[in-house]
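Subject: Structure for you to look at

Hello,

I am passing on the structure we spoke about. Please open it first, then read the notes below it.

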Amino acid sequence: MSRANLSRPSTAELARVVVNRQESLFQPDVDASAAVVSEQVAGRPILVVGGAGSIGAATVRELLSFAPSSVCVVDVNENGLTELLRDLRAQDAVATTTELHAVPLDMGSPTMRRVLATYGPFDAVLNFAAVKHVRSERDTASLLHMLDVNVVKARRLLAMVAEQSPGASYFAVSTDKAANPVNLMGCSKRVMELVMFAQVTRASRVTSARFANVAFSDGSLLDGWLRRLDKGQPWAVPGATRRFFVTPQESGQLCLLGAVVAPDRHVVYPSLDPETALQDLEAVALRVMDRLGLTPLVVSTEAEARAAMGGVARGGPYPLLVTALDTMGEKEFEEFVAEGDVDADLGLAAVRALRPPEADTAALSDFTAWLDRVVDDADLPVDKDDILARLAVVVPELEHRGSTLSLDERM
């Protein structure tokens with residue numbers, strides 16, 4: 001058949017199709033760490049920033065299963081917060097002993113101090129707020145916004161936490177793209193790692209996680225496929241591109257372990273074998289199409305893809321546009337560990353940790369001071385080349401992959 005079944009599989013089921021496993025990769029490690037997690041979560045107040053997104057929401061669910069005394073979820077997305085609360089209540093996921101608070105707020109707002117004062121002090125703070133799209137380096141304004149969220153506001157939040165919840169642990173999500181970065185999104189997250197591990201005013205324990213792709217997470221390529229299907233539009237995928245994948249549940253479990261089990265100044269990552277776990281994105285698209293009952297038609301131009309949609313209603317195949325990997329910042333494959341990272345065995349089956357090299361303190365201080373000024377003062381002259389040059393001083397391993405083509409120019 002060429003159209004999706006009326007009873008579409010759930011995104012959880014589709015995610016299992018993508019990762020090629022039925023059981024969570026990290027469940028055995030969560031079970032093995034249950035006593036440690038319970039000691040640090042049960043009966044304790046926790047703050048989750050950016051908790052309405054896919055990874056944040058999945059982590060909130062994992063935290064709630066250990067019955068903290070309270071969970072305060074902050075997110076700029078008011079509708080996302082509302083949906084999260086509806087989900088949690090419908091699933092009876094909130095223990096009667098747990099207070100759940102939702103605050104629609106930008107973590108960079110001065111009001112964030114009031115949140116920390118009103119609902120804190122907290123024993124743990126988890127930060128998922130991020131600008132995560134490679135396309136965010138499209139122009140100077142977008143790039144500054146990304147650096148503002150991923151570096152400036154994250155650093156200010158950590159300082160506020162250290163001041164108002166001095167005993168708290170602090171966890172923030174990084175990305176696999178921070179390892180040997182070729183795009184400025186990954187570079188911004190590498191700077192975030194450097195800042196949070198070097199900052200003098202810091203929490204009692206600071207940890208992070210480098211991620212695989214979360215299958216069907218909000219705004220992801222795979223999420224876009226389902227949205228295209230709903231709108232009767234072609235699918236698109238970059239050719240010759242390999243990625244690691246985890247399910248949304250696995251993303252929450254990885255963050256839970258990163259926030260609780262990882263040593264100070266370490267980054268957790270999935271212990272996945274590149275030889276077997278890196279997946280070709282075109283092959284992933286074809287598997288998902290098959291599970292949805294779609295007959296694929298692989299095409300190479302947008303015109304062909306749009307034209308083919310006319311035949312879908314008459315029982316024809318569904319177009320899958322395979323594009324060249326030639327847009328700025330794109331990488332052929334993912335990796336978690338870079339040269340200079342010191343690997344650490346946590347005694348877990350599917351989660352490892354690494355300690356990245358420390359920053360050049362003077363270079364990092366100069367960069368963050370300059371970034372504060374250009375973010376706060378729109379009259380200061382700055383352009384993308386200037387930002388790129390300054391980032392390269394702080395992250396010398398950056399090998400920026402430029403192009404005249406942006407993802408915004410792709411279907």
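Helices α7 and α15 pack against each other at an angle of about 35°, and their axes are 9 Å apart. This is a predicted model. On the α7 side the contact is made by Thr140, Leu143, Leu144 and Leu147, which meet Lys384, Ile387 and Leu391 of α15. Sorted by class, the contact has 5 nonpolar residues, 1 polar and 1 charged.

Now α15 itself, which spans residues 384–394. Ile387, Leu391 and Val394 are its buried residues to look at. Their arc around the axis is only 55°, so they lie on the same side of α15. In general, an α-helix has 3.6 residues a turn, so residues three or four places apart point the same way. The cover over the buried residues of α15 includes α7, α8 (184–198) and α14 (361–376). On the face turned away from the buried side, Asp385 and Val393 are exposed. At the start of α15, a side-chain oxygen of Asp383 comes to within 3.3 Å of the backbone nitrogen of Asp385.

Next, the cores. The largest nonpolar core has 100 residues, and those touching the most other members are Leu47, Met112, Tyr170, Val191, Leu371 and Leu391. Helix α7 (residues 140–164) gives the most to this core, with 12 residues. Leaving aside residues up to four places away in sequence, Val191 touches Val151, Leu364, Phe367, Leu391, Val394 and Val395. There is also a second, separate core of 25 residues, with Val237, Leu281, Met289 and Met309 among them.

Last, some backbone details. Most residues other than glycine have a negative phi, and most peptide bonds are trans. The bond joining Gly120 and Pro121 is cis, with omega at about 0°. Pro121 sits in the loop between α6 (112–119) and β4 (124–127).

Asp92 is not a glycine, yet its phi is positive, near 50°. Asp92 belongs to the loop between α5 (78–90) and β3 (99–104). Is Asp92 buried or exposed? With a relative accessible area of 66%, Asp92 is exposed.

Ala240 also has a positive phi, about 50°, without being a glycine. The loop that holds Ala240 runs between β8 (235–238) and β9 (242–243). Ala240 is exposed because its relative accessible area is 60%, and exposed means over 50%.

Regards

Key
Residues are numbered from 1 along each chain as its sequence is written. This is a predicted model: local features need pLDDT of at least 70, side-chain atom pairs count only at pLDDT 80 or more; totals for chains, interfaces and linings use all residues. Side-chain values use heavy atoms; hydrogens and water are left out. A nonpolar core is a set of buried Ala, Val, Leu, Ile, Met, Phe, Trp, Tyr and Cys residues joined through side-chain atoms within 4.5 Å. Buried means under 20% relative accessible area, exposed over 50%, partly exposed in between (1.4 Å probe, protein chains only). Helices (H or I, at least four residues) and strands (E, at least two) are DSSP runs, numbered from the N terminus. Contact means heavy atoms within 4.5 Å. Axes are lines fitted to C-alpha atoms, for helices over the stretch in contact, and angles run from 0 to 180 degrees between N-to-C directions. Ala, Val, Leu, Ile, Met, Phe, Trp, Tyr, Cys and Pro count as nonpolar, Asp, Glu, Lys and Arg as charged, and the others, Gly among them, as polar. The arc is that of the directions from the helix axis to the C-beta atoms. A polar contact is a pair of N or O atoms within 3.5 Å; within protein, one must be able to donate a hydrogen and the other to accept it, and residues adjacent in sequence count only if both atoms are side-chain atoms.
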